[in-house]
Amino acid sequence: MSTSPQNAYPSPVPAGHVGAVGRGSVLRGKPASSVTILPVRDVSIPKVSLEGISLSYRTTSKAQLVALDNISLQVRPGEFLCVVGPSGCGKSTLLHLIAGLYQQTAGQVFVDGKAVNGPGTDRILIFQELGLFPWLTVAQNVEFGMKMKNIPKAERKEKIQYYLRLVHLSKFRDSYTHQLSGGMRQRVALARALATEPDVLLMDEPFAALDAQTRDLLHDELERIWAETGRTIIFVTHNVREAVRLGDRVVLMTFRPGRVKQEFPISLPRPRHIEEVDVARTAKEILGCLREEINKSIEAEYADEKSR
Ligand SMILES: Nc1ncnc2c1ncn2[C@@H]1O[C@H](COP(=O)(O)OP(=O)(O)OP(=O)(O)O)[C@@H](O)[C@H]1O
Ligand SMILES: [Mg+2]
């Protein structure tokens, strides 16, 4: 697939968007000297900008499947953006594109105004399948990505300590991953990703396999970590309440081909809880629009079955 770069510069961000601004009061304690807390940036330049992105896959029958169609979207520095949409609408594809792991058929992805032409240490993709190494301890797993980045040993040591404390796993630093619960393993994966200090965290349904209590705890922790470190997060989920619980904005995608159907700014005060009435009310509104897309996907499936 070839790349056809389009606009050289991303569009300006709408006025009134604040990103990480104003979150300073949430900062707790002093981080280790080598740990990078992202400063409040010029929010007039989007952190991530998608300009007319399309992506087609070649299917086994050699036909073209248009997964993403002309997506334009800007993400502010320090924004927590959630993406929802029916299964198969291209959410994972979109994250892989931003990570630089897939290449678009048309359009361009920009990070900090620079065109993305491959993977970079400024972005990291976190999956539901965590990819932790069972033969390494918790601390060694967290260290792994930093070794790949050639971070000096003393700095690695400091960062392991800081990020394990951030996810409340200091006591388990010498445990192996099979000795941890699912939620703890998810936190190790988060610490490992954070330790490489990417500006942008791309999270693909990271909590989908967890029980409700563990997921609620991780929501609190992720929100706190986001506030403390100033990272930009793009978070894909099927759970609309989770999206409203966490996001500054929820983007709803259409059924195939994936397009942006609607954006919902979420201005509810933080911290939020998934069971709150206001969260449920907002989620219901989004769910109404999502159901239309899910129905289309079901109809398309029936049509496919009939034609076979
Ligand atoms: N490597 C591939 N080759 C061909 N088609 C693919 C490939 N990867 C994904 N697709 C197709 O592209 C579409 C989008 O897939 P994608 O995995 O991005 O959807 P998704 O929104 O993440 O779905 P889910 O919510 O189920 O995870 C789907 O129709 C899928 O079948
Ligand atoms: Mg997916």
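In describing the surroundings of the ligand, Ala, Val, Leu, Ile, Met, Phe, Trp, Tyr, Cys and Pro are counted as nonpolar, Asp, Glu, Lys and Arg as charged, and the others, with Gly among them, as polar. On this basis, in what is a predicted model, the shell around ligand 1 divides into four nonpolar, seven polar and two charged residues. Of the 13 residues around ligand 1, those that come nearest are Tyr57, Ser87, Lys91, Ser92 and Thr93. At least two residues of this shell are supplied by each of strand S2, which spans 64-75, and helix H1, which spans 91-99, and it is H1 that provides the largest share, namely three residues.

As regards the protein chain as a whole, its secondary structure comprises seven helices and ten strands, and buried residues make up 41% of its 308 residues.

The largest nonpolar core contains 71 residues, of which Tyr163, Ala191, Leu202 and Ile234 touch the most other members. Helix H4, formed by residues 182-195, contributes the largest share of this core, with seven residues. When residues up to four places away in sequence are not counted, Leu202 touches Leu95, Ile98 and Ala99, together with Arg123, Ile124, Leu125 and Ile126, and also Ile234.

Conventions
Residues are numbered from 1 along each chain as its sequence is written. Chains are lettered from A and ligands numbered from 1 in the order in which they are written. This is a predicted model: local features need pLDDT of at least 70, side-chain atom pairs count only at pLDDT 80 or more; totals for chains, interfaces and linings use all residues. A residue is near a molecule or strand if its C-beta atom, placed from the backbone, lies within 6 Å of it. Helices (H or I, at least four residues) and strands (E, at least two) are DSSP runs, numbered from the N terminus. A residue is buried if 20 or more other C-beta atoms lie within 10 Å of its own, exposed if 12 or fewer, and partly exposed in between; C-beta atoms are placed from the backbone. A nonpolar core is a set of buried Ala, Val, Leu, Ile, Met, Phe, Trp, Tyr and Cys residues joined through C-beta atoms within 7 Å. Two residues are in contact if their C-beta atoms, placed from the backbone, lie within 7 Å.
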